[in-house]
Each structure stands twice: as C-alpha cells, then as structure tokens.
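Visitor: I would like to learn how to read a few features of a model. Please take them one at a time.

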Amino acid sequence: MSPIRRIWNVLRRRRLDEELRQEVDTHLALIEEEERLNGLSVEQARRRALARFGSPMASRERSLEAIVATWLENLCKDFMFAARRLMRSPAFTVAAVLTLALAIGANAAIFAVVHRVILNPLPFADSARVISLEDGMPSRNVPFGFNSLTTQLYYAYLERAHSLESVALYRIEDRALTGQGDPERVQTARVTPSLASVLRVAPMIGRWFTEAEGVPGGPQVAVLSYGLWTRRYGADPNILGRTVALDGVSAAVVGIMPAWFTFPNVTVDAWTPLSLTRASAAENYSFTGVARLRQGATASGAGAELNRLHADLEREYPGNGYSQLVAAPATLIEATTGRVSGALWIVLASVGLVLLVACANVANLFLVRSEIRQREVMLRTALGADRSAIARYFLCESVLLSMTGGILGFGLAWGAIQLLVAFGPSNLPRLTEVRLDGVALLFTLGLVMLTAVAFGGLPLLRSTPIAAALRDGGRGGTPGSRHRIRQLLMGGQVALALVLLIASGLMLRSFQELRAVNPNFDASSALTFRIGLPAADYPDRGRIAAAHGAIIDELSRVPGATAVSAATCLPLVEGCNQGGALFVDGQAMQPGQQPPIVLRRAVAGGFFETMGMRMVRGRSITRGDVERNEPIAVITEGLARVTFAGIDPIGRRVRFGNRALPSGDAGWLTIAGVVADTPVLALGETRALPQLYMPIFAFRQVPLPPRTDAMTFVVKTAVPPAGVTAAARAAVARVDPKLALAQIRTLQELLDRSSSQMAFTMVLLAIAAVVALTLGLIGTYGVMSYIVSQRRAEIGVRLALGAAPGSVAGMIVRQGGRVALAGIAIGFIAAIAAGRLIESLLYGVSSRDPGVFGFTTLLLLAVAIIACWIPARRAARLSPLEALRTE
Amino acid sequence: MPKHTNDRLQGTLDLLILKILDRSGPLHGYGLAQRIHQATADSLRIEEGSLYPALQRMTHEKWLKGQWGTTDTGRKARFYTVTAAGRKQLEEEERRWVTLTDAVNRALRFA
C-alpha cells in the first residue's frame, strides 16, 4: 500500500511541500516568540530558533523524502533532461529514431507473420505428427496431392500401415444449402468420422460424427463451421438438432466447430460424414487424405511403408495403377507452409541482421555525440558524478530513443502487416489471423530493451578511460582502429543491403515473368460463378443439361453480356478437377504400359470462344454439339503431344475407363479439335497437364462422364464484370429461385490469385530491402559525417593551403567510395550464395540474373555515393578559419 | 512489520512521540518538542527540525493523524493525534523497549 501512496505523493509534492513550509514556519515563529520572552532581541531570537531547529530546508527535504517516491522523481527528471538534450540535436534524434523505427517495425511485422504462419501454423494438438497423404503418379503426369486416394487405399492404409495411428479421407464439394433464408452454395467437406481423431479436434458445441454415421445408410448429420453458424443462423445456440438441407438432403446439425478450425481450408462451411464400408471400397481416385503418425514414426518412413503397400495392392486390384502410385507424405505443416516457410525464415534472419545494423548505426551516431560531449561527461565525473550517474545519463537517452523508435516502429509494422495480409496467398495458413498481438508486442518490447542496452551501453564502455580522455584534452587524435571499425560497419551494411536488394529484385523479376506467362485464355472482363443443381430436384443428366441450357439462355439476355458458356472446371481452379485413364482406339497397350491420366471436362457450347482460348487445329464444341449430344472431344495440345506424337489426332477415337473395356463402338469420343494448353493449378506449371473437353451430355453417353451437376459459368461482358453480378443472380433465379451463385469472381481475379504467393514473398523481401537500403543510406551518411568531423582540422589546413573545395570533396567521397565498393563486392558474392536459397521460389529468372545484379548494384552504388557526397560537400564548404579555430 | 523497528534511534524517537501524543492529546510540532524537553528534563535535546520527517513518516504509516488548527497566538499549525493503529504500534514499541533495556541492564549488572 504505502509504496503506491509514495508514488501517488509524487503528484502531490507541491502541496505537501507547501503544508510543510507552513508547519515549519509556525514552529520557527513559536521558538522565536519563546526566546523573545526570554529577553533576546529579534535578531538573536531568529538565530537561536535556527540553532534549535536545524536547517528548515533539510527538515522539509527529509520529510518529503519519507513520504514521496523520490526515485521516481529522479527518474522523471533524468528522462526530462535526456529529452531536452535530444531535442537540442534534432538531426541526430530524427536519424536515430527513424533508424530504430524502421528496424524494429520490420522485425515486429515479420515476426508476427512468422509466429502465426510458421511457428504456429496448425492449431491442432501435437500437429507435428499429422501428415498429409500426398500420392501422385509422376510417370503418368498426375501431380502429388491431387485427389489422389481411393477408398481401397484408405482401407489398406488404415488396416495395414503400421506407421499410421489413424487415417482420414475427405473430399471438398460445393453443395446447395437451402431452408431458412436464401439458397446458398457452400463449400462442404465429406470426411470420414476419423478426421476428428486424426487432427485431435472437437466441436465447440455439440459433438463430432460417430462411426455409425460414417457408413452407408447411416443417419444424415452435419457439423457447421463457426462462420456459417454466425453468418446464417445468427449464432443460435439452439441450432443443434435442427436440420439443414444440403443439395436437397436433410441433415441434422450435431455440432459447431470453433472459429479457428479451417480444415481442409478456410472456405469450408460444413462437414458431413463420408459413407464408406470395407465392402464398397472402390477404385476412383477422388479423395485426399490426412493421417496421424504413430509415436516415433516419421513421414518419410511412412512413405516407404505406403509404397510397399502399393505394390501389394497392385496384385489385389490389378489395372488401377497402384504400382505407379508414389506416396510422398509430408507433415501437414510442411505441406501447408512448405515453400513460403523457407522464404520467411530467410526474411526474418535478414531483418534480424538489419536490426543489428541499425543498432550499430545508432551506436555510431551515439559515439559521435558522446565524443563531442566527452568534456561534459568529464566535467560531471570531475564534479563527483559516479559511474551509475553517467550510465543513467546515457541510458536515459537510449531508452527514450528506442522507445520512440519502438512506438513508431509498431505503427510501421501495423501498416506492413496490412500490406502482407492483402498480398497473402489464400492457401497460406492463418495469414488472415496475423496481427500485432500480445506476443508481437512483447517481442517488440524485448527488441526495444535490447537495442536500448546495446547502443546505450557502448558509449559507456567508451567513457570509462576518463583519465586517458583528459590527457587527450579532447583533441582529434583518434586512433585509426576506431575508424576501421566504423568502416567495417559501413561496408557491412552496404553488403547486407545489396544482398536483400538483389533477392527482392529477383522476386520482382519472377513475379513479372509469372504475370507475363500467357495463360492461353482471355481474362479481361469476364465474370465467373459456380452453380450446383441439387440432386433432389435434378435427378438425371437430361434435366441437368436442360437446366444448364436454360441458365445460359437467361444469362445471355443480361444487359452487357456478350457471350456466356459453362464448364465443369475452369483453369486455375482447384477442387473441381476430375481425371481418368484415357484409351485410344486402335492404340495397343504394351505390356506394363499404362494409359495417360487425363483431366476430363464437360463444357457448354461456345466455351472456348467465351474464354478466348485458342484453337490450334480442328473445330471447337458448339451449342449444336451439346444439343445433339455429339460424341466429340477437344483435346489440349499437351495431350495431343503425349498421346498422338507425330500423328494428326483429328478424327481419332478415345475413351475413358479404369481399364481397357472390350472394344466395340460404345462410349467412344471422336476428336474434333485441339486447343492450346491452359494452366490447371498454377501459372507457370512445369508440365502442361493433359485435358480433354466434351459436350455436356444429356444421358450417360460415355463411360466415366464428368459430373455436370455443378458447373462454373463464364459471362463475357462489355461492361465491368462485377457490375452484372446482380443481374446474373436475377437471371439464374428466373430459372430456379432455389439456385445460388457461389465463388463469384472475375477471371482476372483467378489469374491474380495464382500469383499471390509470389507476390507475398516479393512484398516480404521488398520490405526488408527497403529497410536495409534506408539504413545503409543513414549509416553511410553517419560514418562519413563522423569522419569529416574528425578531419576538420586537417581539411582546414588543406583549404588554407589552397586546396580546391572540389578536390577536398573528392577526397572524402573517394574515401567513402572505397569502403562502399568493398561492401558491394562482398554483398555481390554473398548474393550469389543467397540466390541458391531462394532458387526454388523463382520463376523464369536465373538466381544470377545479370540484369537484377547489375541494376541493384548500380542503385546501391549511387545511394552510397550520395550518402558520402553530402558530408563531403559540407567539408568542402568549410571556412578554413573556422575549422582551425575550433581546434 | 515496518523495517525501521530495527533502527533503535528512530524507534526511540517514534516511541517518544507516540507516548507523549497519546498522553497529552493533540499537539503541534513546537508543542511536541517542548513536551519532549520537559519529559526528559532537558537531558535529551533533539534538533527540533528532525521531528518533522518522523511526523510525516508516522502520518504516512497511519499511526498519527494531522489536523490543521490555530495556536494560542493565532498561527496556523498542524495538530497531531495518535490513531488506533498508532496506539497498537506504541504498545509494541514499549514492549520492545522494556525487553531491550531489561536485557541491557541485566548485562550491565552481571558483566
């Protein structure tokens, strides 16, 4: 209690002192009265009173000390003096605060990202043991993790893989959510009930699925996301037990997941159980999986085991390609943060270095100041200030500077994070959750403390040999070694700035290259959205085809629409791709040879024209083809190259199937045209994935036809595409008011999104590079200013002896330029080494791109010369008289 | 327990102030000094100014209460009284004093 009152009394000090004065005055007067009665004169009585009382001042002082927290007062006073001193040299203060703000801000921002995205990417318990089951068929062009599991694999993994503790399968589907409110398309995940035990999660309300709900014919249940629950149902706590209709099928809501649960991705709004039994295990590759490793097992060990299992499965289920299936499980953390994490660590390390440089810079500025004030410190020491008083003197300044820098830096970090989140790729886990939270604040505070001690302590070390300083008499006899340290500092930061500049330059070039990739479709002014037809209302292919036709007709009448079409899947969209083995009529399979896996897509008439996709040969799929259910196909150039090497594919017949069907006329598609390759998953794919387009059929025309109940519509417009959204929605409602539009976005947005990861890394590195460049500028300027100030006398002599100001300036610039050049040379070599580290992040540009290296080197050289030239010009303008007089 | 109880000199001054104020009722600083001189028959002359840090501290500890009033000659002065907490502290200090002096006396007698 009483210490707090003592601190409180600091504020009441004036009043307390006034009261004491009154009390003491009365006391003195009363003594005087008494002594006067004893017959003393006024003068004698006063002297007597003081003798009896002691010093009134000391009495008051000690009385206050007894009740006021004087340490706090002294601290405040120290800080006030420090603030006043700093205000007196604004150039120094601004430079130091700016330097620290930039460095601390960059560190706080990058740390916030790293903390959330890499250190803590998955909020699951023991998440290091959760692996993503990424299978692929490299020999058949099937990339890893591409809906690459079958239910047969699931049971094999579940029952036979000793390294896996539990396994879960899932498939993302968008389904129509109806009942209570507008119909809505929501992303849902069909998951095996085991998902909760693999991820070790539980709903925040209600329960997860039971095993009985994961078998065919089990009760229809659903678990909703926190987002859907709050958005659509107003966070109604009585939701449990109510039913929702997904694609027309009623399901009872049994649980609500917590807000942080965003598996498999942030867009999923509901989970329903995947109905599976051992007996119904099938061979379509249409699932993705996660598993929990047994204690002590590793992802690579599990991979080896799963690959052995694949060989067994080939014997049990021949012809489904299991022998070519390669398992490459990675921990879920790696799978989700993968490539970005490397870049983030590099960036964090470099901003850490930047902070170090910033400290060194400020310490240098501080040293310059402290040398100027050496005499002041000496005077204080001579007058009896002890070391702690001198330490306070410097530490108050450094604490003030770093606090101000920290506050400013925190603001900068906030801005930088807005930038990063805006540029962040959507698949980066928890990026939207990145914010300056308590942890980041603590981190920043720690940085502030560290920097304060780091550069505040330096002059203290320097100020120790007072006697030596006194002997020097403060003359400019600086030993060369200290110059050397400063030059090392300057060269070092030039080198660091160059490395970061080159790295961000390379990312920028990659980004440009990626954006320059021709996607082979025209992304300008086109709106896309997905519509799914609920199975309850559209039970067969005939009705589905008719509905799509009607929707296209209505959309064509929307004002501003110039062309409308639809496809089961658009380029650069994940989650809608369906693949299958393609057999060519008359092409005999060699023993052991496997047909290629081809993505199969159904399109409405005029799709290629609406998308602006280029026909290479033959004709496209027309509206008439769709209406007549013409069994034709358009294949991509990549497929033509792989399957019909050197032969004209037009007129050849192809057929999908899991294995060779008996030959005959049924189910063949005749190739009518070849279209240019479009990217499937990402821009700049190393290999074009083979694709085949066919018309939307109104009946089961071919084996394994693509599911057409959900299609993405493309509306080419003559007006800004976002403007027709409302009209498009109304047009769809005219066909069926229960239908909802999902994933509404322009083609341009699709294109932008595919380069977002590159943009993100680029912004990260650019932040680090800008900070490093600015600090390099300030640092070089600081070092050169110091050197000039130390050489004042010499420069004065030179000027007095008739040296031209230009030659003096040249001398200074040459001195700085030599150091900068050395730094650049080192940075150049370091950048070549660092380029290796970011090689995997680059696209279409070599990690030693001469353009980037040349440009950044020149830029840095120019900046360094400017930083040297300003102090040099000041030196040249020095009046010789003045320069000599200050000595 | 306040740490200054170990400090015998300060403790003694506290004891004196508490004892006198407890017996006499409200007193200002000058009056208190007079009483101390009388009570100790002028054998313990203290610098009167040194009363004030003690009075401030003891008020801060809530052993004393200070109230402004006027002296007989019409001057503004602060009059101090002992609080309940102060009376408890007085008992404590007295007991400590007796224990200490007993011990010292015994030591002097048998040394």
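Guide: Start with what a helix is here: a DSSP run of H or I with at least four residues, numbered from the N terminus. By that rule A:F92 lies in helix 5 of chain A, residues 90–119. Keep in mind that the model is predicted.

Visitor: Is A:F92 buried or exposed, and why?

Guide: Burial is a count of neighbours, and 20 or more other C-beta atoms within 10 Å make a residue buried. A:F92 is buried because 21 other C-beta atoms lie within 10 Å.

Visitor: Which residues does A:F92 touch, not counting those up to four places away in sequence?

Guide: With those set aside, A:F92 touches A:L365 and A:R369. A:F92 and A:G782 are 690 residues apart in sequence, yet their C-alpha atoms are 9.3 Å apart in space.

Visitor: What share of the contacts in chain A with a separation of 6 or more comes from residues 24 or more positions apart?

Guide: Such pairs account for 83% of those contacts. As for the chain as a whole, chain A has 887 residues, of which 46% count as buried. Its secondary structure comprises 26 helices and 23 strands.

Visitor: How do I read a single helix? What does helix 2 of chain A reach from its first C-alpha to its last?

Guide: The expected span is 1.5 Å times one less than the number of residues. Helix 2 of chain A, residues 42–53, has twelve residues and reaches 16 Å, close to the 16 Å expected.

Visitor: Which residues of helix 2 of chain A are buried?

Guide: The buried ones are A:A45, A:A49 and A:F53. Viewed down the axis of helix 2 of chain A, the buried residues fall within an arc of 60°, so they line one face of the helix. A:E43 and A:A51, on the other side of helix 2, are exposed. After helix 2 of chain A comes A:G54, with a positive phi near 90°.

Visitor: How many residues of chain A are in contact with chain B?

Guide: The general idea is that interface size is often given as the accessible area lost when the parts come together. Here the description is by contacts: 23 residues of chain A meet 19 residues of chain B. On the chain A side, helix 1 (2–37), helix 2 and helix 3 (56–67) each supply at least two residues. Helix 1 of chain A gives the largest share, twelve residues.

Visitor: How do the residues on that side of chain A divide into nonpolar, polar and charged?

Guide: Ten are nonpolar, eight are polar and five are charged on the side of chain A that touches chain B.

Technical notes:
Residues are numbered from 1 along each chain as its sequence is written. Chains are lettered from A and ligands numbered from 1 in the order in which they are written. This is a predicted model: local features need pLDDT of at least 70, side-chain atom pairs count only at pLDDT 80 or more; totals for chains, interfaces and linings use all residues. A residue is buried if 20 or more other C-beta atoms lie within 10 Å of its own, exposed if 12 or fewer, and partly exposed in between; C-beta atoms are placed from the backbone. The arc is that of the directions from the helix axis to the C-beta atoms. Two residues are in contact if their C-beta atoms, placed from the backbone, lie within 7 Å. Ala, Val, Leu, Ile, Met, Phe, Trp, Tyr, Cys and Pro count as nonpolar, Asp, Glu, Lys and Arg as charged, and the others, Gly among them, as polar.
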